[in-house]
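Visitor: I have a structure open and would like to talk it through slowly. Could you show it here so that we can go over it together?

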Amino acid sequence: MKPMFALLAVLASGSAFGACNNAHLPQTPSIPDGLSASFEEMKQAREDVAGYVKGAEAYLECVKPNAMMHNYVVSRIERTAETFNAERREFLQRQEAVASN
């Protein structure tokens, strides 16, 4: 029984390492201007940013880069999220202004 378990563990880890061999840092998504974006554009941007964050975190987990590269990737994630949140605030303020008129 133990040899079978060991074989399954080796096979499972091999597939995980195979996926990591193809790991790459995702491209930063485009974020629309909150003052002119449509609801659909902002919704898509939210999904794109969430996918980017998830992909970048998976990249860090797989690649386990040195501290400098790790900090660079985390900084990119944070800047992307901050940019999206700023545009989202502008979008929501614009929506409130339109609704109040």
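**Talking through the model**

Guide: The chain has three helices and zero strands, where helices (H or I, at least four residues) and strands (E, at least two) are DSSP runs numbered from the N terminus. Please keep in mind that this is a predicted model, in which local features need pLDDT of at least 70 and side-chain atom pairs count only at pLDDT 80 or more, while totals for chains, interfaces and linings use all residues. Residues are numbered from 1 along each chain as its sequence is written, and side-chain values use heavy atoms, with hydrogens and water left out.

Visitor: In what order do the elements run from the N terminus on?

Guide: Starting from the N terminus, the order is α-α-α.

Visitor: And what share of the residues counts as buried?

Guide: Of the 101 residues in the chain, 21% count as buried, a word that means under 20% relative accessible area, with exposed meaning over 50% and partly exposed in between (1.4 Å probe, protein chains only).

Visitor: Let's pick one, then. Is Ala 56 buried or exposed?

Guide: Ala 56, which is found in helix 2, counts as buried because its relative accessibility is 0%. Leaving aside neighbours within four places in sequence, Ala 56 is in contact (heavy atoms within 4.5 Å) with Leu 25, Pro 26, Val 73 and Ile 77.

Visitor: Which residues does Ile 77 touch?

Guide: Not counting residues up to four places away in sequence, Ile 77 touches Tyr 52, Val 53, Ala 56 and Glu 57. Ile 77 is found in helix 3 and is buried, with a relative accessible area of 12%. From C-alpha to C-alpha, Ile 77 and Lys 54 are 9.6 Å apart in space, although 23 residues separate them in sequence.

Visitor: What about Thr 80, and why does it count as buried?

Guide: Thr 80 also has its place in helix 3, and it counts as buried because its relative accessibility is 5%. Once neighbours within four places in sequence are set aside, the contacts of Thr 80 are Thr 28, Pro 29, Ile 31, Val 49 and Tyr 52.

Visitor: Changing topic to charges, how many salt bridges does the structure hold?

Guide: The structure holds one salt bridge, meaning a side-chain nitrogen of Lys or Arg within 4 Å of a carboxyl oxygen of Asp or Glu. Lys 64 forms it with Glu 61, and their closest N and O atoms are 3.1 Å apart.

Visitor: Are those two buried or exposed?

Guide: Lys 64 counts as exposed because its relative accessibility is 54%, and Glu 61 is exposed with a relative accessible area of 54%.

Visitor: Where does Lys 64 lie?

Guide: Lys 64 lies in the loop between helix 2 (39–63) and helix 3 (67–100). Its phi is near 50°, a positive value in a residue other than glycine. Most residues other than glycine have a negative phi.

Visitor: Which residues gather in the patch of positive charge?

Guide: Lys 43, Arg 46, Arg 88 and Arg 89 gather there, on the surface. Patches are made of residues with over 30% relative accessible area and no salt bridge, with like charges joined within 9 Å and nonpolar side chains (Val, Leu, Ile, Met, Phe, Trp, Tyr) within 5 Å. Helix 2 and helix 3 are the elements that give two or more residues to this positive patch. One of its members, Arg 88, counts as partly exposed because its relative accessibility is 40%.

Definitions and conventions: Accessible areas come from the Shrake-Rupley method with a 1.4 Å probe; for residues, only the protein chains shown count as cover. Lys and Arg count as positive and Asp and Glu as negative; His and the chain ends are not counted. The place of a charge is taken as NZ of Lys, CZ of Arg, CG of Asp or CD of Glu.
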